[in-house]
Amino acid sequence: MTSTQASETPDTPNEASPANFPATDPGQAPSTGEGTDITSQTANSLRIANNPAPAARTRNDNNPGETPIAAPTSDIAAATPTTATPVAVPTTSAPATTPQTTKPATATTKLTLAARISGVIGIALAFVIVLAWFPRGIWNSPIQGIDAPAHYYFIRELLEQGPAKALSLLPNGGYYPPLFHLLAAGTVKLTALFGVHLSVFTALDVVWLVSSGILWPAGMLLLCSYFLRSATPITRIFTNLMIPLLAVASASHPFHMLYSGPLIAFGLASTLLPFLLHRSLHLLDALVALIHAQRGHRAEHVRTLLLEALATAAIGILCVAAHPRVVFTYALLLLPFVLTRLPWKFILAVFVAMIAGAGAFLVFMISFYPSNRYADPGAWFHTFVPTKTVPEALWTAFSDHLSSLSNGVIGGNPVAGAFAFLALIAATIAALGFAGSRLRDGIALVMAYVFVIVVYVCSASLTGAIPNILAAPWYRSDARTVTMFPFVLLPLLAFGLSCVERAVTEAAVLPGPDGTKWNLRIGDVDASVNRHADGHTRNAIAFATAIVLAVSMTATMALAQTYNPIRSTMSEEITRNAGYNKSDPYEQLTADKVDVMRRMIEKTGTHAAIISDPMNGSMYASTMFDANMLYPVYNPQHTKNGAIFGAVEDAFASGDGQRVLDTVCPAGGSDGAYFLAMGPQAASLQMFTFKQQYDPFHDQRLIDQYVQTGTMTIVQDYSAYGEHAQGWALYRFACRR
């Protein structure tokens, strides 16, 4: 038997449990899902004594008239026959269906139902928290961010052209993950059936709220339930309420996704990822069971593995449809479980697949994003600027983004951050110290946490070749890697609770009459089990860990929901950015710019092509007024139909009026082509890597030159809005009709 096989084999034989989900420690139920109750747990570890062997039988001290209960076989093997006193089975002992045995089962069923109700309540409360946080200013106006105009544009494209447009949303006909936009467009169509008209702004908000407020906490509860599958219903009542609330406590996700960008597509993929991870862990269970199955008994294991593989693939397709790059997060989080569970041949195969995937990704990047820097990783992301120091990044990781450290000053909610740190320490102690035969899961969770910290620190604080390579799958930005903290912290807390529950349960014992046996109580079943009296230190650590973990989780949840400045600041800034009254008149959208675009569309109509620097805010004209902007997103690629974008940029920058007309006029067709000058690029968009490509469109010297040569004619002057509006105007290209 290999070491891997030994770790996955049940400590207590259990012929009744599904072979494809072997139990991993005494008292643990088969890992079949989330509905395991205490009755099945005790049935796996404590059996009704039918064996006449004296050493295998013990007496139920609470009810001498009940059928004797056998100790777990692992404990029986360690016991000496001389220490066990045979107890005859009374001829009048009650059968398994008597009230004495059904009463505990009935109580357990009620507790299990209560645990499920607790989970529903937890998810409902989490949704209320997300709804209360949601910025009110964006219900009927656009979010003003670097990615926002593109998302609104994609939704409009789907509404106008139908689902067939889903695979070519980009204005150059390229692929962009469509799932979020399909859901938003579907929401608009569905509500229209009931006579309710939703704007694309409102539709985006509704999909974000449902996914972030319901799917996210539900997914995290499901993922954590995998590590709580041996917990009692009482523990589940606590965790089912706590985990959804903790899932929406951290600013990392989902709030940061709406605040930064907004990263709508990647945010939805991250929201769906817990479901994929949960199914993948069960897939690993099925694979391990097949590997260790005896010859002649593998058919059922193969069937189970295929079903798990199909379920995993189906959820995986949804995640990829939301955003393909979430695959990198998935691989990072699942890799530790592969390393700690599978034999080396399978691990080698996984690494070969990962290398092949990395090679394919590199080929894709070289093909679609040409650059002369690929051979020099140190020169990748040459415009990257660290957003945090290493201590700040580490504090963000350890506090679960509940508090921040800037210039040595702790901001946010430092008390909640401190409790989160205590909970993390306690969970790690429990995972590594009290996991028993589930130690590999504990090691995998800690490894995943370390992996996430390394990637996050690289993406937020470090520069150079290695950080560039490690952070490249996430666009070299900590805005995406910060979402990974809940994926490792909450399962670690759940697993820690499961471990301390078992440790504390085993420690809550009474000395037997001979001093070598203790009375072990698990749920509603008592059994005398051989224990040595030298575990007092471990018992004390178990109790202390349980107290710290429970108190810290509760305090973190309470403090984070009642006082969470980081999360609140995000909401306030989104609301402020969504408004039109800004101190900087050159920001993305102001009252003057909205009025200019309204006047512009009255003149041009919705079919004429309009060229402008998109980073001055003009791109919102597509969403707000259905304008036919030639650049409806910030980064037009020079591929497929996008060749016109590069051609227009080059022609406009050339100073050659005839070349400009020959390039621009075909794009406008019979409705003509216009040029909008509306000031410089907004300060809030300066982090955009390719902003220089639009410089010709706000070069006043070029604009004046084209007016003087007759290439463009001014049709509306917007300088009357004030000093900041000098040079604002709408021009028409001198195209022949």
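**A first look**

Tutor: The protein has 26 helices and eleven strands. Keep in mind that this is a predicted model.

Student: How much of the protein is buried?

Tutor: Of the 737 residues in the protein, 52% are buried.

Student: And what share of the contacts with a separation of 6 or more comes from residues 24 or more positions apart?

Tutor: Those residues account for 72% of such contacts in the protein.

Student: What is the mean pLDDT?

Tutor: The mean pLDDT is 81, and 80% of the residues reach 70 or more.

Student: Where is the pLDDT below 50?

Tutor: One such stretch is residues 1-101, which has 186 contacts in the model beyond near neighbours in sequence. Over residues 516-534 the pLDDT also stays under 50, and the model has 65 contacts for that stretch beyond four places in sequence.

Student: What should I do with coordinates where pLDDT is low?

Tutor: Where pLDDT is low, the predicted coordinates should not be read in detail.

Student: OK, change of topic. How many disulfides does the count come to?

Tutor: The count comes to one disulfide. Cys 665 and Cys 735 form this bond, with their sulfur atoms 1.8 Å apart.

Student: Where do the two cysteines sit?

Tutor: Cys 665 is in helix α25, residues 657-668, while Cys 735 is in the segment after β11, which covers 729-733. The pair is 70 residues apart and links distant parts of the chain.

Student: Is the disulfide of Cys 665 and Cys 735 left-handed or right-handed, and why?

Tutor: The disulfide is left-handed, because the torsion about the S-S bond of Cys 665 and Cys 735 is about -85°.

Student: Is Cys 665 buried or exposed?

Tutor: Cys 665 counts as buried, because its relative accessibility is 15% and the cut-off for buried is under 20%. Two other cysteines can be judged in the same way. Cys 224 is buried at 0% relative accessibility, and Cys 458 is buried with a relative accessible area of 6%.

Student: Now the helices. At what angle do α14 and α16 pack?

Tutor: Helix α14, residues 390-398, packs with helix α16, residues 439-460, at an angle of about 145°. Their axes are 9 Å apart, and α14 passes α16 in a right-handed crossing.

Student: Which residues make that contact?

Tutor: From α14, the contact uses Val 390, Ala 393, Leu 394, Thr 396, Ala 397 and Phe 398. From α16, it uses Tyr 449, Ile 453, Tyr 456, Val 457 and Ala 460.

Student: What classes are they?

Tutor: The contact of α14 with α16 has ten nonpolar residues, one polar residue and no charged residues.

Student: What about the loops on either side of α14?

Tutor: Phe 381 is in the loop between α13, residues 344-368, and α14. Phi of Phe 381 is near 50°, a positive value in a residue other than glycine. His 401 is in the loop between α14 and β3, residues 403-406. His 401 is not a glycine either, yet its phi is positive, about 60°.

Student: I clicked on Ile 317. Where is it?

Tutor: Ile 317 is in helix α11, residues 299-322. At 59% relative accessibility, Ile 317 counts as exposed. The C-alpha atoms of Ile 317 and Leu 276 are separated by 9.6 Å, and these residues are 41 residues apart along the chain.

Student: Last one. What is Tyr 563 in contact with?

Tutor: Leaving aside neighbours within four places in sequence, Tyr 563 is in contact with Gly 412 and Asn 413. Tyr 563 lies in the loop between α20, residues 536-562, and α21, residues 565-578. Tyr 563 and Leu 402 are 161 residues apart in sequence and 9.9 Å apart in space, C-alpha to C-alpha.

Definitions and conventions
Residues numbered from 1 in each chain as written. Predicted model: local features only at pLDDT ≥ 70, side-chain atom pairs only at ≥ 80, totals over all residues. Heavy atoms only, no water. Axes fitted to C-alpha atoms, helices over the stretch in contact; angles between N-to-C directions. Helix = DSSP H or I, 4+ residues; strand = E, 2+ residues; numbered from the N terminus. Left-handed = near helix turned anticlockwise from the far one by under 90°. Contact = heavy atoms within 4.5 Å. Nonpolar A, V, L, I, M, F, W, Y, C, P; charged D, E, K, R; others polar. Disulfide = S-S within 2.5 Å. Buried < 20%, exposed > 50% of the residue type's maximum accessible area, 1.4 Å probe, protein only. pLDDT = per-residue confidence, 0-100.
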